[in-house]
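Good morning. Please look at the structure while I talk; I will go through it piece by piece.

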Amino acid sequence: MAEAAGHAFASREVSGNKESGSPWIGQSIPRVEDSALLTGRGRFIDDLGVHPGTLHAAILRSPHAHADIVSIETSAAKRAQGVVAVLDGDDVKALTSSLVVGVKAPVECWPIAVGRVRYVGEPVAVVVATDRYLAEDAVDLIEVQYRARPAVIDPLAALRADAPVLHDGFGGNVASDRTFRYGNPEQAFASAAHRISIDIRYPRNSCTPIETYGLVADYDPGEDAYDVLANFQGPFSIHAVLSRALKVPGNRLRLRTPPDSGGSFGVKQGIFPYIVLIAAAARAAGRPVKWIEDRLEHLTASVSATNRATTLHAAVADDGRIHALDWDQIEDCGAHLRAPEPATLYRMHGNLTGAYDIRHLAVRNRVVVTNKTPTGLNRGFGGPQVYFALERLVQRIAVELGLDPLDVITRNLVAADAFPYRTASGALLDSGNYQEAIQRGVDEGKLAELKSRRDAARAQGRLYGIGFTAVVEPSVSNMGYITTVLTPAERRKAGPKNGAQATATVAIDPVGSVSVHVASVPQGQGHRTVLSQVVADVFGLTPGDVRVNTEIDTAKDAWSIASGNYASRFAPAVAGTAKLAAERIAVKLARVAASQLNTEADDIVFAGGQVRSKRNPDNKVSFSRVAGLSHWSPGALPDGIGQTIRETVFWSPPELTAPDDDDQINSSLCHGFIFDFCGVEIDRTTLQTRIDRYVTMHDCGTILHPAMVDGQIRGGFAQAVGAALYEEYAYGPDGSFLTGTFADYLLPTTAEIPDPFILHMQTPSPVTPLGSKGVGEGNCMSTPVCIANAVADALGVKDITLPLVPAKLAQAVRGAEPAPPAGRASGSVKKQSGDRRLHGEGEAVVSAPAERVWAMLLDPETLRAVIPGCHSVQKISDTHFRADVTIGIGPVKGRYRADVTLSDLDPPHAVTLGGSAEGALGFGGGEGRITLLPTGNGGTSIRYVYEAAIGGKVASIGGRLLDGAARVIIGQFFAALARQAGGGAADSSPSSLLLKLRRWFGGPR
Amino acid sequence: MKPAAFDYVRAQHLEEALEVLDREGTDARIVAGGQSLMAMLNMRLARPKTLIDIMRLPELAGIERKGNMIVIGAGVRQAALLAWPDLGGSLPLVALALPWTGHVQTRSRGTVCGSIAHADPSAELPLVLRALGGEVHLRSAKKRRRVAAKDFFSGMMATTRTDDELIEAVSLPAAAKRCAFREVARRHGDFAIVACAAVATADGVRLAVGGVADMPAARDFPRLEGGALDDALNDFAYELDARDDVHATARYRRDLVRMIGRDLVREVLQ
């Protein structure tokens, strides 16, 4: 409440400033959004009421990364309490058409698996019931039989000829393969003194908003129309994708957004397949359906940034001057190429030379599909991937040529007098002075002091390094950049696509109060506040006089395909368009006022809530009187005014043209500049990276609201620290998803994020109405590689892979590990890198002879008794048994269908036991070789070695405990076997017997 | 992420809780602070038929000194123990380790005995119980028994508690003995990758390690220095049979046992 009270006070105070004539733009006024948010009155999608009778959906998802769906049995689910409808892929397919795919290929893309699953978490069936609990109960009753296929996870592996193929319509797994050539790269490389290269792998991560996806969909059969309320964020080009998929014209899909959003960072764009899925479910159920994604669903299967494998070569002179770059990028878009992908790869196409004046450029871009969650918008969108390669390479050039890394940066920068500067691949860098920004960053950020800190730390034997980056931050995407993925011939056939249309409406009511509407769908940034500042300045009002509405309703509002909240377009495009709309009314109001004040329109000024003559300030009339006239007395308006009630402006900058026949593309309208440097220390014991000091210098053109700009920088920085040090959507080699909770997908918290030292300079953009450029994504692009460069400096290593998991640095910092003491095995069985199969071995001694143990292994009754949690065993053949089992560790219990087979029988000495199990918590499979050796006293020693793999939900949630859990379960099996065989244990209590067996098993192995 | 249906019994007396537990056995689960169990219910990893809430039982609510032992009832929240005025004097190791257990928010709900019952291999309280040689007080409708820490934990999230038993309390020896604690996690408040507790013994030091083996492990070291200490720690590190997961490798865990172990042993022996 202190904030709300402060708001009122601050408003009065700043309105005093206003009388002195300073504009609202550039002031950090309190945010109009905050009093609702801070007092629990935000209106997020899950807070909004729904129509009576609204149903709730729950989704059954694939535990497999790649498998054919053999059968789906939904009858039990359909009969369950409260269930209204159950839809599988075929049902959804009957109601919809395939989502469009961004490249020319005969490939379908459905919002639910049709016949085959291609990633863990892919929807397989939707249950619609009277509440979410009952819907989830019914999900558990659906039985799906899968036939697993081999999965491909790594983008380079996906290129191999023998790789499993995901979609028949692509050539192998390659969805697109384009090469580009600008200038004369071959000659530049041939004549260069040095060719310096880097190979990098950029990991998968996401910005993970606190609010997950949510939507309510309804279908009106009378109108054949859908009404959808979703926390979708744009771009509204997706509206066309949705109406096509739902098989209605665009005017029969009303898409609305809630007033508040719990964050997006691009991610909410990825809700769109679920809009199709839930809308189809609403149509099938005949009632509105609501779905709120849960956190496990979100982390597993919402959307992710792309991971990318890049090889980058530079042709370099002795002094570090870069004459040419040769990019080879392999973009991993996951299992489906969903709109607007492969946009992540092409968003930066005009900026592949970064902040540098490099005239020769070769590019090969390949897009591959793998068995992972499909990718989509994510803060930074292509920038982190590009700059990680480019700026790591610049650091390598410095190391390999023995130069100062900052000198290599400054020697290559675009010259200060070269703006507007056209890059080799076609971006028009609109304005800037990179040299001055760097100089000020070095001076005001105290680089010299940081170097002393490094030297002092190193003198003490500490691992300390400094990293630098200089990046161009593009904003306001050209809707046409994505068509660079097509060949010029394909583009000519498809028709032009370009621009970045922004829309804003300003309206005045009868008492002269001003309303603004924009199609920007803010996700918490404070758009309403800034728009009130912008429009207040035009009309000489206070921001409190201007009310802003940012909800979107495609049935009623002005919008275009470029509408929405992405590509950092608010300040440069949307806010500027609101200014233009307000000015369009102000020009007319000036004429109205001039006629009332007996002066000329160019003598009119709007200030302090009044419209005055500049020459004679006492000659004035109140704003509300002039503004309301069009309502009360339209006949009194001067000729030719029309009306002053409402103006909608559609603005698209002329600079954003379609790609030309040479594939030159001005991929974004404006280009900010960021220069970062930081000092980091790696702890010698924990190997954790601590950011000692981080300096970030920004030039984002005209700053509209300084506190919000700093907020954007801090937020982007925090997410970038996450990307650098903590966050990864990790997959096992079998495609199991391993980071399904925030205990394993590690977001940095306030304890892990240092406060960056933020510096600004302002070079206005000549191509935006307010001179502003985007600022929201820059640190997501610059910070991961800046930290990586510092760590490379600290450790003196070439290869840095994010996230910087401390354990991965052990070899580089410490070399080989101390050997185990004599007589002790080296611990875990050696695993190949990335092998997630669980291995183990053990031994149990029982008093029964080997023949009896052997007979037991082949007897269903014994198996029923010894398989942990076994309810029944069915003998399929002499060597094949089917069991219904409950397996659990502690409170974690799940029921599974298990198949057990015996092979390689060598009675009564050895047998191979194979098993697979599938249930609601996931699946497992394994194989163990059991050897029976007679002991001296008539007993038998049962020795076993096993290899097992576990996937599905339990792997996503419990990765940390999985290995140990498997060992406990296998231990339980042999404990029970030993008990059954009269293992000599007097105490029959299972847990104490287990304890004894554990002592036998638990020794060195 | 909604739990499957379950019955909820808010026990009014300990006898009631024991009676329900006796009747329901493996299908029942005690809920105290719910900081691990509720998440498991919501993710449907656990689906007990009955939850028995013991937080209203006055007989489990206290922290008492009985001779040289501090007895902590099953209803005592972690935050309450952290705020107990005698903590630093009587249980200095707990005072060092407890702030590492979760976060302020989870400690204000989570209980001391609940964490021990859950037996997560990375948890601090089981580690402290093991390091100090405390006891778990188990009770069923039929009998009461006390189990030493080393016999209580039997594996990953597994203990020797039987299905009809609940933990009534744990007892820890009060001691002003020298002790030390250190933990490494990816972020503050995360599950420990390695947690080490060291306590002075009559002829040396006991080092207990969590987060590496399936359960907290301890070894008594005589007074050793230099290479002998390093060798003993190396042997211990390998004995724990460390594993890889998404956050750390087995080698990294062994490194931490060796390095932090050495620091703590020296610190306690000084």
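Before anything else, one term: two strands count as paired if DSSP finds at least two bridges between them. With that in hand, take strand S18 and strand S26 (residues 668–682) of chain A, which pair in the antiparallel sense over 14 bridges. One place to look is A:Val471, which stands opposite A:Ile674 in S26(A). Keep in mind throughout that this is a predicted model.

Let me stay with that sheet. In which order do its strands run? The order is S18-S26-S27-S28 in chain A, four strands in an open sheet with mixed pairing. Strand S18 (463–477) and strand S28 (757–761) of chain A are the edge strands; each has a single partner strand, so one side of each has no neighbour in the sheet. On average, and ignoring direction, neighbouring strands here are turned by 15° against each other. A helix also packs on this sheet: helix H20 (residues 706–726) of chain A touches strand S27 (689–699) and S28 of chain A. The direction of H20 makes about 140° with that of S27(A).

Now the layout of chain A. The assignment divides chain A into domain 1 (45–149 + 213–293), domain 2 (174–205 + 304–483 + 657–810), domain 3 (501–550 + 563–651) and domain 4 (838–1001). Note that some of these are built from separate stretches of the chain, as domain 2 of chain A shows with 174–205, 304–483 and 657–810. The C-alpha centres of domain 3 and domain 4 of chain A lie 77 Å apart.

Next, strand S19 (502–508) of chain A. Is S19(A) mostly covered or mostly open? Mostly covered: five of its seven residues are buried. S19(A) has strand S25 (residues 646–651) of chain A as an antiparallel partner, over six bridges, and there A:Thr505 stands opposite A:Thr648. S19(A) is also joined to strand S20 (residues 514–518) of chain A by five bridges, again antiparallel. In that pairing A:Ala504 faces A:Val518. S19(A) and S20(A) form a hairpin with five residues between them, and A:Gly512 in the turn has a positive phi of about 85°.

What packs against S19(A)? The buried residues of helix H19 of chain A do, and they also pack against helix H17 (527–539), helix H18 (570–597), strand S22 (604–607), strand S23 (610–613) and strand S24 (620–622) of chain A. Those buried residues of H19 (residues 623–632) are A:Phe623, A:Ser624, A:Val626, A:Ala627, A:Leu629 and A:Ser630.

On to the nonpolar core. The largest one has 408 residues, and A:Val127, A:Leu215 and A:Ala578 are among those with the most contacts inside it. H25(A) gives the largest share of this core, 15 residues. Beyond its close neighbours in sequence, within four places, A:Ala578 is in contact with residues including A:Ala504, A:Val518 and A:Val535. In general terms, nonpolar side chains tend to be buried together in soluble globular proteins.

How many residues of chain A are in contact with chain B? The count is 52 residues of chain A, against 47 residues of chain B. Several elements of chain A supply at least two residues each, among them helix H5 (132–139), strand S32 (892–906) and helix H25 (953–980). H25(A) gives the most, with eight residues. By class, this side of chain A has 27 nonpolar, 11 polar and 14 charged residues.

One residue of helix H25 of chain A is A:Ile957. Why do we call A:Ile957 buried? Because 27 other C-beta atoms lie within 10 Å, and the cut-off for buried is 20 or more. Setting aside residues up to four places away in sequence, A:Ile957 touches A:Leu296, A:Gly740, A:Thr741, B:Met43 and B:Leu45. A:Phe737 is 220 residues away from A:Ile957 along the chain, yet their C-alpha atoms are separated by 8.9 Å.

Last, chain B. Its assignment gives domain 1 (7–53), domain 2 (58–173) and domain 3 (179–269). The C-alpha centres of domain 1 and domain 2 of chain B are separated by 18 Å. Their contact takes 14 residues from domain 1 of chain B and 19 residues from domain 2 of chain B. On the domain 1 side, helix H1 (residues 14–24) of chain B gives the most, with six residues. That side has six nonpolar, six polar and two charged residues.

Definitions and conventions:
Residues are numbered from 1 along each chain as its sequence is written. Chains are lettered from A and ligands numbered from 1 in the order in which they are written. This is a predicted model: local features need pLDDT of at least 70, side-chain atom pairs count only at pLDDT 80 or more; totals for chains, interfaces and linings use all residues. Domain bounds come from an automatic or database domain assignment. Two residues are in contact if their C-beta atoms, placed from the backbone, lie within 7 Å. Ala, Val, Leu, Ile, Met, Phe, Trp, Tyr, Cys and Pro count as nonpolar, Asp, Glu, Lys and Arg as charged, and the others, Gly among them, as polar. A residue is buried if 20 or more other C-beta atoms lie within 10 Å of its own, exposed if 12 or fewer, and partly exposed in between; C-beta atoms are placed from the backbone. A nonpolar core is a set of buried Ala, Val, Leu, Ile, Met, Phe, Trp, Tyr and Cys residues joined through C-beta atoms within 7 Å. Axes are lines fitted to C-alpha atoms, for helices over the stretch in contact, and angles run from 0 to 180 degrees between N-to-C directions.
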